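Please load the model in the viewer and keep the selection tool at hand.

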Amino acid sequence: MGNTRILIADDHQAVRQGLRWVLEKHAGWEVCGEAVDGWEAIQKARSLKPDVILLDIRMPNLNGLEAAPVIRKELPESEILIMSQQETAESLPLALRAGAAGFVSKYAVDTDLVPTIENLIAGQDWF
């Protein structure tokens, strides 16, 4: 199996840079692209066909919850993770209804993001 390709969609450059730093420390993972809103995430997902797509729940123009169903329909083999500063209990049901495979709180990225992606890649539950 080759590298796991990850697309990051978040409207804050500092968040994208931090996520890239965390993800690219993992052997076999590469960030194949970045997007600043849901529209760009859809376009880049179409062209890059990443294995994992991280979508911020709140982005301008088209948010992660609106982009996820479009991406899910067009790229059913890609795993989608929704990220948010909102509480998991509030955001998780919304993320799952939108077609995401899981949810990661931005407050727990340092501890939860890597194991969540590892579980998704392995075909296990994200939690």
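In this tour, contact means heavy atoms within 4.5 Å. The model is a predicted one.

Begin by selecting Asp56, which lies in strand β3. Is Asp56 buried or exposed? Its relative accessibility is 4%, so Asp56 counts as buried, the limit for that class being under 20%. Next, display its surroundings: leaving out residues up to four places away in sequence, Asp56 touches Ala9, Asp10, Asp11, Asn63, Gly64, Met83, Ser84 and Lys106.

From that list, select Asn63. Asn63 caps the N-terminal end of helix α3, with a side-chain oxygen 2.8 Å from the backbone nitrogen of Leu65.

Now select the whole of α3, residues 64–74, and highlight Gly64, Ala67, Ala68 and Ile71, which are buried. These residues lie on the same side of α3, because they cover an arc of only 110 degrees around the axis. Among the elements that cover them are α2 (38–48), β3 (52–56) and β4 (79–84).

Proceed to the largest nonpolar core, which has 21 residues. Which of them touch the most other members? They are Ile53, Leu55, Ile71, Ile80 and Ile82. Two or more residues of this core come from each of β1 (4–9), α2, β3, α3 and β4.

Centre the view on Ile80. Apart from neighbours within four places in sequence, Ile80 is in contact with Ile53, Leu55, Ala68, Ile71, Arg72, Gly99, Ala100, Ala101 and Gly102.

Finally, select Val52, Leu81, Val104 and Leu113, which are included in a second, separate core of 15 residues.

Conventions. Residues numbered from 1 in each chain as written. Predicted model: local features only at pLDDT ≥ 70, side-chain atom pairs only at ≥ 80, totals over all residues. Heavy atoms only, no water. Buried < 20%, exposed > 50% of the residue type's maximum accessible area, 1.4 Å probe, protein only. Helix = DSSP H or I, 4+ residues; strand = E, 2+ residues; numbered from the N terminus. Arc of directions from axis to C-beta. Polar contact = N/O pair within 3.5 Å; in protein donor to acceptor, adjacent residues only side chain to side chain. Core = buried A, V, L, I, M, F, W, Y, C linked by side-chain atoms within 4.5 Å.
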